[in-house]
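Thanks for asking me to look this one over. My notes are below as numbered points, and I hope they are handy while you have the model open.

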Amino acid sequence: MEEKKEITYRNIPVSVRREIEAQIVIPFLKAMSAMVGQEKMREIAAVAVREIATKAGRDYAERVSENTIGQFVEKLLPCFKDKWEVLECREEKARFNFYTCDAVELYQRLGYQEFGKMFLCDRDP
């Protein structure tokens, strides 16, 4: 008999995680914006998104035992084949040019395109 694999946040595809997150967080942010204003909501969300991204980066580095930006980029290259080019990759910094982004397309499909930049492009300071 086949053993069932436990479903956890870490072992579901990132695209599925982002869709679940969007369905929960964006209605909350829209309500917050109505109460405190768009600018204040974006300020609060930016802090939270950066904290989440930092924690995710640390968790990833621990799981794969790779702690440099170069190792991270090397690991990502196959995942983003034909979707980006690496402009710069140094020990402390990496810059990319994305040609297409599945996550941006996800936010557009869900009707939340105005939040895509906040959750994706602005994750890293």
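1. Let me begin with Glu 105, which counts as partly exposed because its relative accessibility is 41%, where buried means under 20% relative accessible area, exposed over 50%, and partly exposed in between, using a 1.4 Å probe and protein chains only. Glu 105 sits in helix α4. Its C-alpha lies 17 Å from that of Lys 81, a residue 24 positions away in sequence.

2. A word on the basis of these notes: this is a predicted model, in which local features need pLDDT of at least 70 and side-chain atom pairs count only at pLDDT 80 or more, while totals for chains, interfaces and linings use all residues. Residues are numbered from 1 along each chain as its sequence is written, and side-chain values use heavy atoms, with hydrogens and water left out.

3. Now the overall layout. The protein chain has five helices and two strands, arranged along the sequence as α-α-α-β-β-α-α. Helices (H or I, at least four residues) and strands (E, at least two) are DSSP runs, numbered from the N terminus. The C-alpha trace spans about 50 × 45 × 25 Å along its principal axes. Of the 125 residues in the protein chain, 25% count as buried. Contact means heavy atoms within 4.5 Å; among the chain's contacts with a separation of 6 or more, 43% come from residues 24 or more positions apart.

4. Which residues touch the most other members of the largest nonpolar core? They are Leu 29, Phe 115 and Phe 119, in a core of 16 residues. At least two core residues come from each of α1 (14–36), α2 (38–64), α4 (102–110) and α5 (113–121). A nonpolar core here is a set of buried Ala, Val, Leu, Ile, Met, Phe, Trp, Tyr and Cys residues joined through side-chain atoms within 4.5 Å. As general background, nonpolar side chains tend to be buried together in soluble globular proteins.

5. Helix α5 deserves a look of its own. Its buried residues are Phe 115, Gly 116, Met 118, Phe 119 and Leu 120, and these pack against α1, α2 and α4. Leaving out residues up to four places away in sequence, Phe 119 touches Val 25, Ile 26, Leu 29, Val 49 and Tyr 107.

6. On the α4 side the contact is made by Ala 103, Val 104, Tyr 107 and Gln 108, and on the α5 side by Gln 113, Gly 116, Phe 119 and Leu 120.

7. What about the loop between β1 (84–89) and β2 (94–98)? Lys 93 is placed there, and it is partly exposed because its relative accessible area is 36%. Neighbours within four places in sequence aside, Lys 93 is in contact with Ile 69 and Glu 88. Lys 93 and Cys 121 are 28 residues apart in sequence, with 15 Å between their C-alpha atoms.

8. Finally, Val 16 in helix α1. Val 16 counts as partly exposed because its relative accessibility is 36%. The C-alpha atoms of Val 16 and Thr 68 are separated by 26 Å, and the two residues are 52 apart along the chain.
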